[in-house]
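Dear colleague,

Please find below the structure that I am handing over to you. I would be grateful if you would read the notes that follow with the model open beside them.

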Amino acid sequence: MITIERPGLRLHHGSAWLQAHGVETAALRQCLVQEIPWEQPLVRVFGKQHPTPRLTCWMADPGCSYRYSGQVQPITPWTPSVQALRDLLEHELGVRFNSLLLNRYRSGADRMGWHADDEPELDNNAPIASLSVGVPRDLRFRPRSAGEAPFSVCLDDGDLLVMDPPTQAHWQHALPARARVKTERINLTFRRIQPRTAMQSISTRAAFGSAATSTQARAGETPSPKTSA
Ligand SMILES: O=C(O)CCC(=O)C(=O)O
């Protein structure tokens, strides 16, 4: 694993981490495509509804619900292949994740806007662990206040990226569109949330990536780097 450090940020990047742990990523991707009930929720941005520019699924322990664009999303129970990944991460990182956002980017047109995973219901002492399968995509990072230069981490098939606290307090991330990318990528971002306060929105803040406020973020256009969530 490579550690990337900046003021207020610490990431651990494991290349081909899944393959190194015996996972066949092409088979995993096929399995996820088939077994996950993918949805394309509508999100309200500046009073207008838009389909989120990617497919998603919220998977979690009972009680770990969240609200998306004003609607409570159903919890999808852990599927066998995702449960196996959760167990592997627990074994390797010593963290029991209780919730997961899956994002399926069908091509380079699908994207996610600037946001930080800093909702109040998240356990801000726990890391966030992200697994990627499929075509490589750049995950961009930028500081929430001026000073440090933005940078990218290229997340390739099978990669693990762990974001340690307090990264979310000081940095945002985004997955920009890439016109030349024609094939698919699935990302699984495992989190620890506090079930009591879980009825809150991961995504009302992140729908279209204009990155502006926590009610808009996360979907996909590239906003001004000056804007913070
Ligand atoms: O697809 C990715 O790598 C980013 C996912 C992400 O930012 C999130 O789920 O919060």
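**The enclosed cavity**

The largest cavity has a lining of 17 residues, and M112, L139, H173, N187 and T189 are the ones nearest its centre. On a 1 Å grid over the protein atoms alone, a cavity is a set of points where a 1.4 Å probe fits but cannot get out, and a lining residue has an atom within 4 Å of a point. This is a predicted model, in which local features need pLDDT of at least 70 and side-chain atom pairs count only at pLDDT 80 or more, while totals for chains, interfaces and linings use all residues. Residues are numbered from 1 along each chain as its sequence is written, and side-chain values use heavy atoms, with hydrogens and water left out.

The volume of the largest cavity is about 150 Å³, a volume being the space filled by probe spheres set on the grid points, which are joined across faces, edges and corners. Strand 15 (185-191) is among the strands that each supply at least two residues of this lining, and strand 15 gives the most, with four residues. Strands (E, at least two residues) and helices (H or I, at least four) are DSSP runs, numbered from the N terminus.

**The open pocket**

The largest pocket holds about 230 Å³ of space. A pocket is an open set of points with protein on both sides within 12 Å along at least five of seven lines. Its lining comprises 19 residues, with D117, D118, D123, N124 and Q168 nearest the centre. Helix 4 (167-170) is one of the elements that each supply at least two lining residues, and the largest share, three residues, comes from helix 4.

**Two helices in contact**

Helix 2 (residues 25-35) packs against helix 3 (residues 80-93) at an angle of about 125 degrees, their axes being 9 Å apart. Axes are lines fitted to C-alpha atoms over the stretch in contact, and angles run from 0 to 180 degrees between N-to-C directions. L28, C31, L32 and E35 of helix 2 meet P80, S81, V82 and L85 of helix 3.

**A buried aspartate**

D110 lies in the loop between strand 8 and strand 9. D110 is buried, with a relative accessible area of 6%; buried means under 20% (1.4 Å probe, protein chains only). Beyond its neighbours within four places in sequence, D110 is in contact (heavy atoms within 4.5 Å) with P53, R54, R104, Y105, R137 and A177.

Yours sincerely

Technical notes
Buried < 20%, exposed > 50% of the residue type's maximum accessible area, 1.4 Å probe, protein only.
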